[in-house]
Structure formats: structure tokens, C-alpha cells
Amino acid sequence: MDLGPHAAFIWISYAAVAVVVAGLIGWLLLDGRKQAAALEALEKRGIKRRSSASAE
Amino acid sequence: MQTLTQQLANPTRFMDLSARVLPWVAGIAAALIVYGLYLSFFDSPADYQQGETVRIMYIHVPCAWLSMMVYGLIAVSSFGLLVFRHPLADVSAKAAAPIGAAFTFLALLTGSLWGKPMWGTYWVWDARLTSVLILFFLYLGLIALRAAFEDESAGAKLTAVLALVGVTILPIIKFSVNWWNTLHQPSTDFTATVDPSMRWPLLVMALGFTLLFFAMHLKAMRNEVLRRRVKAMRTQAVAGRDRLATQPAE
């Protein structure tokens, strides 16, 4: 694919978007896992959310 | 009969619904972006004036559109927090801020990389570029202000006030190219100023990026709901321990 004399500007633009979007997705997935693991650890210790505790 | 907003006021219900919706939104976004990339590189012509560099438009315009739309969403969420005290309004505002900042950064960066070959400069202090830079700083301000407060509730309220004050930047960005003489071209009119051969790839990319944002926003909101649950349970655990420690031994 010949993108002409300004190909570098086009590739860098697309690469920057790819890197930032991939970074955002990676951060969101890791953060989600971290929060889910913390919640699971608390539940294993027998700590319940007030809403679920009062429902019992 | 409850409205959807009222139904989503229950975080547990939101978590159930978002878990079902998220894979679909993410999947459709990914498919649209892949298709949009194909159209952008292989099925759209070079511009008669800009040549191949016009291909930067297919990512620059969606990022620029999102930079404003996301701020609008933060403003609406902030209004929902301050006026209706909707339990998920602050979650939504907090989750959207870093994503909006990232898209604003990308709009500035891709615009700058488009500007150099077209205008001969990466940056010029004209009204459009400067107002978008201010929007980027506003995003950073929202994130920093919230982080500065230990009391989450007070931080949320003040951040919401700043978000609502800052919303005045949106019409300034939108109309800056009409009100002032700028190097930036006038706003994109999809039906009049974009050739049909470029309009379709642009619309597909814009829709794909918009859905990508909503997928990321939903995921970020889910993370935030979990974070608040963890925080509440830790506080509850500490309070329980303290209660036991202060009870007299029998």
C-alpha cells in the first residue's frame, strides 16, 4: 500500500490510536480483575455486603 | 412503571444488565472498526487536495466527536448527581473522565499529525485547537480534583460542579470555527462537505468508536461499582472488629 510522501504521519496516527485504545482496554480489564479478586477475598473471609446480609 | 433510569438506580440490577449488554456492544464495536479500517485504507480514494493524508480523518474525526460527546455525558451525569442524586450518576461521571481524556488527547495528537503535512505546522494557537486543549485540561482537572478528596462524596459533588461549569467549553469548541478566523477547517457536514466515497467509511468509524466508548464506559462503571462494594465491605469489616474490641469481656 503506497500512502505517499506523508505515509509516516498516517501510520503514526493510527499506531497512536491503537496503542492508547489497547492501553485503555488493558487497564479496564486488569482493574476489573483486581476488583473482582478483592471482592472474592472479602467474601471468603465471611464478610457480606449489607444488602445481601439483610436479605438472609 | 419505572423508567430505565429508575431501574438502573439499583447497582445490582445495573451489574446484571450491563453484564448481558457489554459483550454485544464490544463485539459490534470491534466488527464496525475492523470494517471501517478496511474501508478507510482499501475502499476510499485519496483526496484531490490532501492526497493520502485524508485517511487520518477517519480516526481524527471520531476521536474529536467523542472528546465532546463524553464531556456532554459527564455533564449530564453530574446534573443527575447534583439534582436527582441518582446512585449511578457519579459512577458514570467518574468512569467516563479518563476515557474522555484519552480520546481528547488522541484528537489533539492525530490533528497535529494531520496538520503538519497540510498546514505546515504541528500546532497553532487558533480558537479550535486551543479550545480543545482547554477541554483536555478540564478532563485532567476533573480527575485530579476527585483524587484530591479523601471524602468520596464531597469530591464527587465538587467534581460535578466543575463539570457543569466546564460544559460551556462545548459550544465554544463547536462554533469556534465560525466565530473566529481559524486555520482549522469548518465543522464537518456529513451530507454537504464530505464526498459520499469518504462519508461512509467516516460514518462506520464514527459509529464503531462511539460503541467502543460505550463498551469501555460500561466496563469502567462495572469496575467502579465493584470498587465501591469492596470499600464498603472493608469499612463494614473494620467497624465490626472495632465493635467487638470495645465490648467488655464477660
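**Helix H2 of chain B and its surroundings**

Tutor: Helix H2 of chain B runs over residues 11-42, 32 residues in total, and reaches 44 Å from its first C-alpha to its last, close to the 46 Å expected at 1.5 Å a residue. Helices (H or I, at least four residues) and strands (E, at least two) are DSSP runs numbered from the N terminus, and the expected span of a helix is 1.5 Å times one less than its number of residues. The model is predicted, so local features need pLDDT of at least 70 and side-chain atom pairs count only at pLDDT 80 or more, while totals for chains, interfaces and linings use all residues. Residues are numbered from 1 along each chain as its sequence is written, and chains are lettered from A and ligands numbered from 1 in the order in which they are written.

H2(B) has a kink of about 35° at Val21(B), shortly before the proline Pro23(B). The bend at a residue is the angle between axes fitted to the seven residues ending there and the seven starting there. The buried residues of H2(B) are Pro11(B), Phe14(B), Ala29(B), Leu32(B), Ile33(B), Gly36(B) and Ser40(B). A residue counts as buried if 20 or more other C-beta atoms lie within 10 Å of its own, as exposed if 12 or fewer do, and as partly exposed in between, with C-beta atoms placed from the backbone. An α-helix has 3.6 residues a turn, so residues three or four places apart point the same way.

The kink, of about 30°, lies at Ala97(B), shortly before the proline Pro98(B). H4(B) is mostly covered, with 23 of its 31 residues buried.

Arg85(B) sits in the loop between helix H3 (57-84) and helix H4 (89-119) of chain B. Its phi is positive, about 55°, although Arg85(B) is not a glycine. Most residues other than glycine have a negative phi, and most peptide bonds are trans. Arg85(B) counts as exposed because it has 10 C-beta neighbours inside 10 Å. Just after H4(B), Gly120(B) takes a positive phi of about 90°.

Further along come two loop residues and one in a helix. Phe149(B) lies in the loop between helix H5 (127-147) and helix H6 (152-166). Phe149(B) is partly exposed because 14 other C-beta atoms lie within 10 Å. Leaving aside neighbours within four places in sequence, Phe149(B) is in contact with Ala154(B) and Gly155(B), where contact means C-beta atoms, placed from the backbone, within 7 Å of each other.

Pro186(B) is in the loop between helix H7 (169-179) and helix H8 (196-246). Having 10 other C-beta atoms within 10 Å, Pro186(B) is exposed. Not counting residues up to four places away, Pro186(B) touches Val177(B) and Asn178(B). Pro186(B) and Arg128(B) are 58 residues apart in sequence and 9.6 Å apart in space, C-alpha to C-alpha. Helix H8 holds Leu207(B), which is partly exposed, with 16 other C-beta atoms within 10 Å. The C-alpha atoms of Leu207(B) and Thr235(B) are 42 Å apart, and the two residues are 28 apart in sequence.

For chain B as a whole, there are 8 helices and 0 strands. The C-alpha trace spans about 90 × 35 × 35 Å along its principal axes. Of the 250 residues of chain B, 38% count as buried. Among contacts in chain B with a separation of 6 or more, 78% come from residues 24 or more positions apart.

Chain A has 2 helices and 0 strands, and 12% of its 56 residues are buried. The contact takes 25 residues from chain A and 29 residues from chain B. On the side of chain A that touches chain B, helix H1 (residues 7-44) of chain A gives the most, with 18 residues. That side divides into 17 nonpolar, 5 polar and 3 charged residues; Ala, Val, Leu, Ile, Met, Phe, Trp, Tyr, Cys and Pro count as nonpolar, Asp, Glu, Lys and Arg as charged, and the others, Gly among them, as polar.

As for confidence, the model scores ipTM 0.90 and pTM 0.91. Chain B has a mean pLDDT of 91, with 94% of its residues at 70 or more; pLDDT is the predictor's confidence in each residue, from 0 to 100.

Note on methods. Two residues are in contact if their C-beta atoms, placed from the backbone, lie within 7 Å.
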